[in-house]
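Please look through the sequence and the structure shown below.

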Amino acid sequence: MMTSVDADLIRVLGDPLRLRIVTLLARETLCTTHLVEETGAKQTNLSNHLRVLREAGVVETEPCGRFTYYRLKPDVIEQLADGFAALAQTARLTAEANFKRSCP
């Protein structure tokens with residue numbers, strides 16, 4: 001069942017740049033400089049999006065000298081995927097049972 005936490009996470013990932021960041025971080029751990037190069041976004045804009053992702057628990061940071069590396073937390077994405085899978089299963093069972101509420 002989808003929860004309010006899932007809804008918040010969907011909202012966070014609903015931004016195209018944040019989704020692009022998550023997609024890039026799924027492939028490798030990157031620093032802000034790499035993400036600026038990959039996305040073409042301005043560093044300040046990117047930092048704001050990374051803060052939102054970090055606060056939502058989607059990414060974690062690893063300091064490395066004067067750089068900060070970002071890593072995707074796959075468990076968070078898996079939890080969201082499980083919520084969608086459960087929703088799809090409910091819809092499938094409802095369709096198979098031909099369940100519909102009668103009109104008044």
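## Disulfides and cysteines

Counting as a disulfide any pair of cysteine sulfur atoms within 2.5 Å, the total comes to 0 disulfides. Cys-31 takes part in none, since the nearest cysteine sulfur, which belongs to Cys-64, lies 8.9 Å away, and Cys-64 stays without a bond because that distance of 8.9 Å to the sulfur of Cys-31 is too far for one. In general, a disulfide is a covalent bond that joins the sulfur atoms of two cysteines.

Cys-31 is buried, at 4%, whereas Cys-64 counts as partly exposed, at 42%.

## Basis of the model

This is a predicted model, in which local features need pLDDT of at least 70 and side-chain atom pairs count only at pLDDT 80 or more, while totals for chains, interfaces and linings use all residues. Residues are numbered from 1 along each chain as its sequence is written, and side-chain values use heavy atoms, with hydrogens and water left out.

## Packing of α2 and α3

Helices (H or I, at least four residues) and strands (E, at least two) are DSSP runs, numbered from the N terminus. Helix α2 (residues 16–27) packs with helix α3 (residues 32–39) at an angle of about 115°, and their axes are 11 Å apart; axes here are lines fitted to C-alpha atoms, for helices over the stretch in contact, and angles run from 0 to 180 degrees between N-to-C directions.

With contact meaning heavy atoms within 4.5 Å, α2 contributes Leu-17, Arg-20, Ile-21, Leu-24 and Leu-25, and α3 contributes Leu-35, Glu-38 and Thr-39. These residues divide into 5 nonpolar, 1 polar and 2 charged, where Ala, Val, Leu, Ile, Met, Phe, Trp, Tyr, Cys and Pro count as nonpolar, Asp, Glu, Lys and Arg as charged, and the others, Gly among them, as polar.

## The nonpolar core

A nonpolar core is a set of buried Ala, Val, Leu, Ile, Met, Phe, Trp, Tyr and Cys residues joined through side-chain atoms within 4.5 Å. The largest one has 20 residues, and those with the most contacts inside it are Ile-21, Leu-25, Leu-35, Leu-53 and Val-58. Two or more residues come from each of α1 (4–13), α2, α4, β3 (67–72) and α5 (74–97), and α2 gives the most, with 5 residues.

Leu-35, not counting residues up to four places away in sequence, touches Ile-21, Leu-24, Leu-25, Leu-30, Gly-40, Leu-46 and Leu-50.

## Single residues

The contacts in this section again leave out residues up to four places away in sequence. His-49 lies in helix α4 (residues 43–55), is buried at 11%, and touches Asp-15, Leu-17, Arg-18 and Ile-21. Thr-32, in helix α3, is also buried, at 14%, and is in contact with Gln-43, Leu-46, Ser-47, Leu-50, Thr-68 and Tyr-70.

Leu-72 belongs to strand β3 and is buried at 13%, with contacts to Val-22, Leu-25, Ala-26, Val-58, Val-59 and Ile-77. The C-alpha atoms of Leu-72 and Ile-21 are 9.2 Å apart, although 51 residues separate them along the chain. Ala-81, in helix α5, is partly exposed at 42%, and its C-alpha atom is 25 Å from that of Asn-98, 17 residues away along the chain.

Technical notes
Buried < 20%, exposed > 50% of the residue type's maximum accessible area, 1.4 Å probe, protein only.
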